[in-house]
Amino acid sequence: MFRIGGIGNAKDIIMQATEAIPGPVIPERPQLKVLGAISLSHFLNDTTQSLILSIYPLFKTNFSLNFLQIGLITLTYQATASLLQPFIGLYTDKHPKPYSLPIGMGFTLCGLLLMSVANTYHFLLLAAAMVGTGSSVFHPESSRVARMASGGSYGFAQSLFQVGGNMGSSAGPLLGMALVMPYGQGSLAWFALVPLLAITVLFRIGTWSKMRLRRPAARAGVQAPVSAFPRSVVTRTLVVLLLLIFSKYFYLASINSYFIFYLQHKFGLSTQSGQLHLFLFLFAVALGTIIGGPVGDRVGRKLVIWVSILGVSPFTLLLPYVNLFWTSVLIFVIGLILASAFSAIVVFAQELLPGRVGTVAGLFFGLSFGMGGVGAAVLGKLADSYGIDFVYTVCSFLPLIGLLTVFLPDLRPLDKARAR
């Protein structure tokens with residue numbers, strides 16, 4: 001358990017943080033094999049999810065859907081993921097369940113198979129809910145594994161874990177364009193091999209995690225018992241971080257769910273060309289993610305959050321008014337800058353609430369899914385009512401919420417104390 005006590009000045013913060021840290025129990029180096037395996041699993045998990053997003057035009061035709069109904073598919077998937085994740089994280093903080101990882105991936109497998117044979121819109125929603133349930137189990141426990149294997153390089157470990165998911169998100173549209181769109185909905189069944197491979201990898205990760213958790217020193221290295229900040233600072237900081245997540249993922253929802261339709265409407269592109277542009281954006285997201293974590297370890301996570309959220313606003317404000325060439329350039333820049341924040345935000349919150357690795361991961365991953373789902377539904381309604389161009393004009397102002405970063409505390413004295 002952790003306690004939150006009042007701190008009068010920076011010196012007291014450093015002293016309390018130093019006393020709270022156990023001896024040299026954290027490994028000197030990150031365990032790259034474990035981090036690579038959990039990143040691969042994240043890649044396989046998010047490949048499946050982004051594949052589904054990329055074939056929305058196929059569902060739109062097969063089931064005669066409007067934009068709102070497409071948004072509800074995303075909302076169903078992401079609502080199940082977001083609502084369950086914090087509770088799963090809270091439970092596994094007290095009772096770690098290493099083998100929950102392959103079980104969660106089993107839900108994703110079943111959802112994908114059901115989606116391949118769904119013949120009504122309601123079955124499509126049920127399949128999306130099953131995939132969301134799999135994600136709700138996967139993310140809190142896998143984030144804990146990444147931190148356990150970090151060797152103290154928390155930003156690097158979180159970025160490496162997260163970049164697997166981002167690379168999967170960028171691979172999904174390519175697979176959808178090459179294999180699903182030409183052969184139809186039934187070809188989704190072949191992608192059952194992806195979660196099956198993930199289940200195999202996650203079972204081995206579960207075995208490593210179980211052995212690791214048997215070592216008291218290892219658990220102490222993951223869960224420091226004391227928060228060095230007053231309750232009011234913790235509460236204010238969490239609210240600000242959650243608002244930053246809202247701005248980031250509401251904007252991402254406009255890209256993930258509707259960017260292909262935007263390109264078709266404004267520039268007359270084909271679905272395949274639109275998927276290539278979506279891949280360009282998602283690849284930039286993956287690149288930004290792997291950069292953001294290590295940079296946060298070196299220069300401070302607050303600075304990374306500043307640059308990532310607020311720094312992307314000039315480019316989002318320009319996007320609705322440029323031609324196709326500059327749209328391609330801006331969408332890459334937006335993905336690169338915006339993505340660097342998430343790892344920094346998650347690790348920032350985990351440092352703020354030591355001993356709550358799963359809870360923090362569940363809360364922030366869950367909120368990111370939830371905001372994506374709500375955003376997809378709300379933006380779908382706006383697109384039906386006012387047009388797809390209006391959606392991108394409204395969303396271009398969301399990154400200005402990054403101004404709230406000024407209210408975040410400075411964790412650098414705490415980081416230096418832990419380094420000592």
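This is a predicted model: local features need pLDDT of at least 70, side-chain atom pairs count only at pLDDT 80 or more; totals for chains, interfaces and linings use all residues.
Before you start: residues are numbered from 1 along each chain as its sequence is written. Local features need pLDDT of at least 70 and side-chain atom pairs count only at pLDDT 80 or more, while totals for chains, interfaces and linings use all residues, and side-chain values use heavy atoms, with hydrogens and water left out.

**Exercise 1.** Work out how helix 6 and helix 7 are oriented to each other.

Solution. Start with the helices themselves, which are DSSP runs of H or I with at least four residues, numbered from the N terminus. Helix 6 covers residues 121–148 and helix 7 covers residues 154–180. Next, take the geometry: the angle is about 140° and the axes lie 9 Å apart. Axes here are lines fitted to C-alpha atoms over the stretch in contact, with angles from 0 to 180 degrees between N-to-C directions. Now classify: under 35 degrees is roughly parallel, over 145 roughly antiparallel, 65 to 115 roughly perpendicular, and the rest oblique. The pair is therefore oblique.

**Exercise 2.** Find the residues that join helix 6 to helix 7, and sort them by type.

Solution. On the helix 6 side you get Phe-138, His-139, Ser-142, Ser-143, Ala-146 and Arg-147. They meet Tyr-154, Ala-157, Gln-158 and Phe-161 of helix 7. Then sort: 5 are nonpolar, 4 polar and 1 charged. For that count, Ala, Val, Leu, Ile, Met, Phe, Trp, Tyr, Cys and Pro are nonpolar, Asp, Glu, Lys and Arg charged, and the others, Gly among them, polar.

**Exercise 3.** Is Ser-116 buried or exposed, and what does Ser-116 touch?

Solution. First place Ser-116: it belongs to helix 5 (residues 100–117). Then check the cut-offs, where buried is under 20% relative accessible area, exposed over 50% and partly exposed in between (1.4 Å probe, protein chains only). Ser-116 has 8% relative accessibility, so it counts as buried. Finally, skip residues up to four places away in sequence, and Ser-116 touches Gln-185, Gly-186, Leu-188 and Ala-189.

**Exercise 4.** Which residues touch the most other members of the largest nonpolar core?

Solution. Such a core is a set of buried Ala, Val, Leu, Ile, Met, Phe, Trp, Tyr and Cys residues joined through side-chain atoms within 4.5 Å. It has 110 residues here, and Phe-59, Leu-241, Ile-305 and Phe-364 come out on top. Helix 10 (residues 231–267) gives the largest share, 19 residues. Take Ile-305: leaving out residues up to four places away in sequence, its contacts include Leu-241, Leu-244 and Phe-348.

Conventions: Helices (H or I, at least four residues) and strands (E, at least two) are DSSP runs, numbered from the N terminus. Contact means heavy atoms within 4.5 Å.
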